[in-house]
Amino acid sequence: MLNQPNTQDGNNKLKDITERLGGNIDIGVIFYLFSKLKYFILFFFIISVTLAFLYLRYSQPVYESRAILQINNANKADEILNIGQSANNTNLIAEAIEQIRSKVFLKRVVEKLDITVNYFSEGTFKNNELYHASPILVKINNKTNALTNKKVYVSLASNQKNCTLTINGTKYNALINQWLKTPDFDINVFFNPEIKLNHASQIFAENKAIYFIVNDIDEVTSGLQAKLDVKLLNDLAKTITIKVQDINSQKSTDIVNAIIEEFLTYDVERKSESSRNIISFIDNQLNAVYNDLKKTENDLQTFKKEKNFGDKDLTLNSDLMRYTSIEDQLLKVEMEEKIINEVQTSITTNKSIDIYQLLSLISGTEYENLIKEVTQAIQKLLIEKENALYQLTPNAESIKQLNYQIENQRKLLIESLNAVNLKYKSKYKNLLEKSSSFKNKFDQNPDDEVEFSRLSRLYTISEKYYTMLLEKKTEFSISKAGYVSKNIILEKAQGLGGIVSPNKKSSLTLALMVAFVLSILLVFVRYLFHNKIYALTDITKFSSGNVALLGIVPKYQSNIPVSQLIVDKNPKALITEAFRSIRTNLNFIDSKPGKKVISITSTISGEGKTFVAINIAGILAYTDKKVIIIDLDMRKPKIHKGFGVSNTKGMSTILTGNNTIEDCLNNTSMESLKFITAGPTPPNPSELILSDKLEETLEKLKQLFDYIVIDNAPVGLVTDGIATIQKADYPIYVFRAGYSKKMFTQVLDKLKNENKIDKLGVVLNDVDITKSIYSYNYGYGYGYGYGYGGGYYSDDETKKKKSIWNLKKQN
């Protein structure tokens with residue numbers, strides 16, 4: 001027995017998958033799979049679109065509102081007074097964005113809008129927020145946070161004066177617009193003043209339930225921060241866009257507008273905070289300085305009274321200040337005169353002038369400009385001399401000339417310094433005389449004059465400090481008054497927010513893409529594990545040896561008659577032409593004249609070997625040849641069913657000697673076509689077929705008929721038919737398209753290689769040539785321009801099951 005190749009099934013599948021992944025893509029198979037799986041693909045698309053529709057219908061919509069804000073940082077008062085100006089504004093926009101995103105700022109927005117309490121109407125699939133549309137509002141004193149994040153259902157009494165609050169199953173009766181006080185919370189429920197009373201009652205009646213949730217302000221702030229999107233819009237224009245998403249369109253608009261308006265206020269407060277702090281500091285200092293000034297003034301007045309300082313003595317203070325100034329000038333003249341003497345000594349003692357040391361000594365003195373031209377001339381000559389010495393010797397004539405010029409300039413410098421020295425001595429003499437005159441005046445009463453001078457200086461200092469503080473307070477008060485936010489609202493959120501989710505176009509596109517991907521994935525998986533034979537090329541591809549391809553048998557459109565003989569019903573039909581082509585191709589296997597034995601088999605039952613055997617016999621009978629069909633599939637005989645006769649006698653009784661050939665011959669609708677049934681199933685069919693009696697019977701039949709067509713048992717299951725196939729002039733192996741597996745070709749290879757059946761030919765049965773898999777890249781050489789649908793009458797003679805779709809078509 002040729003065993004069905006179950007042991008190598010896994011290896012063959014793996015090899016097939018590897019070949020497919022390796023690039024051997026069979027487009028025809030892919031088209032066929034798309035056609036075969038079209039209802040699954042349609043199902044994917046219907047389910048995906050349905051889910052998308054349900055998502056669009058019942059998901060909570062999200063709305064988005066946006067505003068545009070231009071960021072500036074200019075204060076006109078600061079520009080005028082030049083207070084705290086900074087040229088670096090590179091981080092201005094980044095700072096504004098982070099300030100808007102901060103929880104500190106957003107908490108101000110939440111408090112301004114008062115959105116910690118949310119009102120909802122409960123629906124079957126989704127709840128709707130009643131922002132500014134709630135029939136009732138509440139005031140809450142949440143003592144122990146007992147109401148935080150809990151649904152509080154409100155039902156209105158018919159008298160519209162009472163209501164019932166339900167919290168976690170606990171009910172509280174409350175009067176409208178009256179405080180309900182409990183140990184955990186106090187609550188006051190009142191009608192929304194923006195909604196008429198009748199309309200409020202109608203809202204309660206129309207909705208399944210009305211409830212509200214009290215949220216923690218920090219949680220609301222965090223939620224707002226998550227829904228907020230602040231981005232740079234234009235760097236050059238310093239504009240930012242502020243977007244907020246919310247499940248309520250009006251709420252998203254109000255939040256965005258509240259953010260930009262509150263930011264202007266927040267910006268002014270933040271920027272004017274420095275001026276406020278400075279003004280506060282100045283006020284504190286003014287009080288302290290005023291007290292010191294007052295005390296000093298009182299001390300000065302007391303001293304004047306005690307020492308009898310008259311009005312004429314008031315000039316002493318100014319004289320003392322002048323005397324101090326003269327002393328400072330004397331000190332300065334003495335220092336500069338000393339410097340001149342050092343320079344003169346240095347120049348006179350040393351013939352060479354260190355011009356750089358000289359410049360450092362006279363730098364910052366009053367006479368620097370007087371000798372500047374001389375020192376610059378000397379410096380120029382020295383540089384010129386240094387450059388010349390790189391090329392000349394010290395005794396060169398040009399060097400001597402430069403030395404002469406330097407010496408002249410040195411003498412000129414000495415004379416200039418002498419003149420300056422004389423000028424300073426004269427100035428020193430004059431200052432000394434003035435100092436002496438003031439000193440004589442003060443010597444009359446030195447202690448009182450010194451004390452008076454001290455008190456006068458303290459008073460003057462305090463007065464100047466007090467005046468300066470008043471001036472600074474005025475400046476920063478002007479600056480504070482000038483703080484008007486320069487940020488500009490370029491675009492406010494208008495109307496209701498636009499819906500951003502769910503997006504109808506995106507949802508449908510995604511649904512179609514998912515359906516498409518699932519379809520492709522399904523086809524891809526089926527393609528990888530696709531192991532059926534659909535065309536003759538599949539047989540040649542997976543068969544290791546050369547196989548004679550006799551042809552294909554198209555799927556028959558109409559119901560096959562009981563006898564399964566159809567070639568005599570419509571001689572011009574496509575299927576009849578197919579069998580004629582097979583008959584012609586048999587001559588290429590063996591064209592010798594004489595009586596011929598045709599042995600037909602397949603791998604398993606159901607591949608149509610009986611159908612092929614009957615119709616090959618019928619097409620041979622058309623040539624006026626005597627043809628007989630014998631049924632050697634004794635385990636599962638079918639010829640008698642095909643022709644509608646009994647199976648009480650046949651090949652089994654002939655081989656056992658119970659009947660003769662003549663006793664078992666049966667006629668058909670064709671005069672030259674006879675058949676012999678299998679007969680009763682014997683206990684040992686293999687022994688009967690392998691006995692000499694079969695050979696003797698075939699020889700007798702050759703004397704009576706030109707062609708003997710043998711319907712054998714499937715050789716993939718039993719070995720009964722191998723003997724007759726080896727003896728046959730035309731051994732034929734039948735595959736059924738879309739039914740036979742590719743691994744069945746291994747049985748074909750074993751028959752050729754191990755059993756040495758070299759003439760073995762192949763027929764592909766039940767080919768639906770209307771499918772794209774058979775019309776793409778498969779050349780059969782038949783040129784049929786039309787095809788057939790409908791069912792195929794299997795040789796198992798199982799009752800054909802019609803789908804609901806076929807039943808509907810028939811109705």
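1. A term is needed before the first sheet is described: two strands are taken to pair if DSSP finds at least two bridges between them. The model discussed here is a predicted one, and in it an open sheet of eight strands runs in the order β15-β22-β21-β16-β20-β17-β19-β18, with mixed pairing. At the edges stand β15 (548-554) and β18 (666-667), each of which has a single partner strand, so one side of each is left without a neighbour in the sheet.

2. At the β18 end, two bridges join this strand to β19 (residues 673-676), and the two run antiparallel. Within this pairing, Asn-667 stands opposite Lys-674 of β19.

3. Two helices may be described together with this sheet. Helix α17 (residues 574-589) packs on the sheet and touches β15, β16 (596-602), β21 (730-736) and β22 (761-767), with its direction making about 170 degrees with that of β15. Helix α23 (residues 692-704) also packs on the sheet, touching β16, β17 (627-631), β19 and β20 (707-711), and its direction makes about 140 degrees with that of β20.

4. Helix α23 deserves a point of its own. With 13 residues, α23 reaches 19 Å from its first C-alpha to its last, which is close to the 18 Å expected at 1.5 Å a residue. Which residues of α23 are buried? They are Leu-694, Thr-697, Leu-698 and Leu-701, and, seen down the axis of α23, the buried residues fall within an arc of 100 degrees, so they line one face of the helix. On the other side of α23, by contrast, Asp-692 and Gln-703 are exposed.

5. There is also an open sheet of six strands, in the order β3-β2-β10-β5-β6-β7, and here the pairing is antiparallel. Its edge strands are β3 (128-129) and β7 (170-175), each pairing on one side only. Strand β2 (residues 117-122) is joined to strand β10 (residues 209-214) by six bridges, the two running antiparallel, and Tyr-119 stands opposite Phe-212 in β10. Helix α7 (residues 197-206) packs on this sheet, where it touches β5 (151-156) and β10, and its direction makes about 115 degrees with that of β5.

6. Asn-615 is found in helix α18 (residues 609-621) and, at 0% relative accessibility, counts as buried. Leaving aside residues up to four places away in sequence, Asn-615 touches Gln-564, Leu-565, Ile-566, Val-567 and Phe-579. The C-alpha atoms of Asn-615 and Thr-576, which are 39 residues apart along the chain, are separated by 8.5 Å.

7. For the chain as a whole, there are 27 helices and 22 strands, and 45% of the 811 residues count as buried. Among contacts in the chain with a separation of 6 or more, 79% are accounted for by residues 24 or more positions apart. The chain exposes about 43900 Å², of which carbon and sulfur atoms supply 52%.

Notes: Residues are numbered from 1 along each chain as its sequence is written. This is a predicted model: local features need pLDDT of at least 70, side-chain atom pairs count only at pLDDT 80 or more; totals for chains, interfaces and linings use all residues. Side-chain values use heavy atoms; hydrogens and water are left out. Helices (H or I, at least four residues) and strands (E, at least two) are DSSP runs, numbered from the N terminus. Buried means under 20% relative accessible area, exposed over 50%, partly exposed in between (1.4 Å probe, protein chains only). Contact means heavy atoms within 4.5 Å. Accessible areas come from the Shrake-Rupley method with a 1.4 Å probe; for residues, only the protein chains shown count as cover. Axes are lines fitted to C-alpha atoms, for helices over the stretch in contact, and angles run from 0 to 180 degrees between N-to-C directions. The expected span of a helix is 1.5 Å times one less than its number of residues. The arc is that of the directions from the helix axis to the C-beta atoms.
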